[in-house]
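Hello,

Here is the structure you asked for. Please look through it first; my notes follow below.

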Amino acid sequence: MGTIGIALLVLIAIVVVVVLWAIGVYNSLVKLRNNRENAFANIDVQLKQRHDLIPQLVATVKGYAEHEKEILLRVTEARAAAMQATGIDDKIQAENRLSSALGGLKVALEAYPDLKANQNFLQLQQEVSDIENKLSSVRRYFNTATRELNNAVETFPGNLLAGTFGFHREMMFEVPKEERATYEKAPEIKF
């Protein structure tokens with residue numbers, strides 16, 4: 001075997017190694033994307049439950065809070081938009097608007113002590129609170145899966161092939177900026 005034969009074998013070995021490396025990177029990116037999509041499927045289950053509770057909550061509030069029609073309308077419209085959203089990024093944005101509308105409703109309801117004492121309302125409020133806690137948990141898992149995918153897409157060596165295979169940085173499911181101020185503010189304590 002001459003030098004041409006050895007050079008050809010080395011070239012073939014290099015090509016095989018590069019192809020195997022590319023396959024490994026691609027498979028890793030696909031697994032991370034699928035993990036992110038699975039994490040969002042868990043969020044979808046909780047969102048569906050929240051969407052189902054909102055009409056009951058709005059109906060209960062209507063009887064007590066006639067002055068809050070604009071807020072109730074915003075919640076209803078945000079729910080409809082969230083239910084019609086397609087794609088993960090669209091759903092994230094729509095759900096952030098719904099969370100913001102629900103936050104506005106919570107603030108407005110502080111002025112109605114009779115409503116806050118209503119057993120049906122208290123039960124609905126508890127169910128919504130439970131779902132929000134579950135959503136918080138699955139959002140953290142989703143954001144972890146998204147972070148792992150984003151890291152793989154943006155770091156070497158994955159970044160060399162990610163764009164070629166259609167992988168790109170994905171959106172996190174974060175608290176909307178409007179709500180962040182509420183969470184960062186210290187709670188008021190009243191006696």
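Rings of Phe, Tyr and Trp (its six-membered ring) form a pair if their centres lie within 6.5 Å; planes under 30 degrees apart are called stacked, over 60 edge-to-face, and the rest tilted. This is a predicted model, so local features need pLDDT of at least 70 and side-chain atom pairs count only at pLDDT 80 or more, while totals for chains, interfaces and linings use all residues. Residues are numbered from 1 along each chain as its sequence is written, and side-chain values use heavy atoms, with hydrogens and water left out.

By the ring rule there are five aromatic pairs. F40 and F142 have ring centres 5.4 Å apart and planes at 65°, so they are edge-to-face. This pair links distant parts of the chain, with F40 in helix α1 and F142 in helix α5, 102 residues apart (helices are DSSP runs of H or I, at least four residues, numbered from the N terminus). Both residues, F40 and F142, are buried, meaning under 20% relative accessible area with a 1.4 Å probe, protein chains only. F142 also forms an edge-to-face pair with F173, at 6.4 Å centre to centre and 90° between the planes. Elsewhere, Y26, F165 and F167 form one aromatic cluster.

Q46 is placed in helix α1. Is Q46 buried or exposed? Its relative accessibility is 12%, so Q46 counts as buried. Leaving out residues up to four places away in sequence, Q46 touches I131, K134, L135 and V138, where contact means heavy atoms within 4.5 Å.

Regards

Note on methods
Helix = DSSP H or I, 4+ residues; strand = E, 2+ residues; numbered from the N terminus. Buried < 20%, exposed > 50% of the residue type's maximum accessible area, 1.4 Å probe, protein only.
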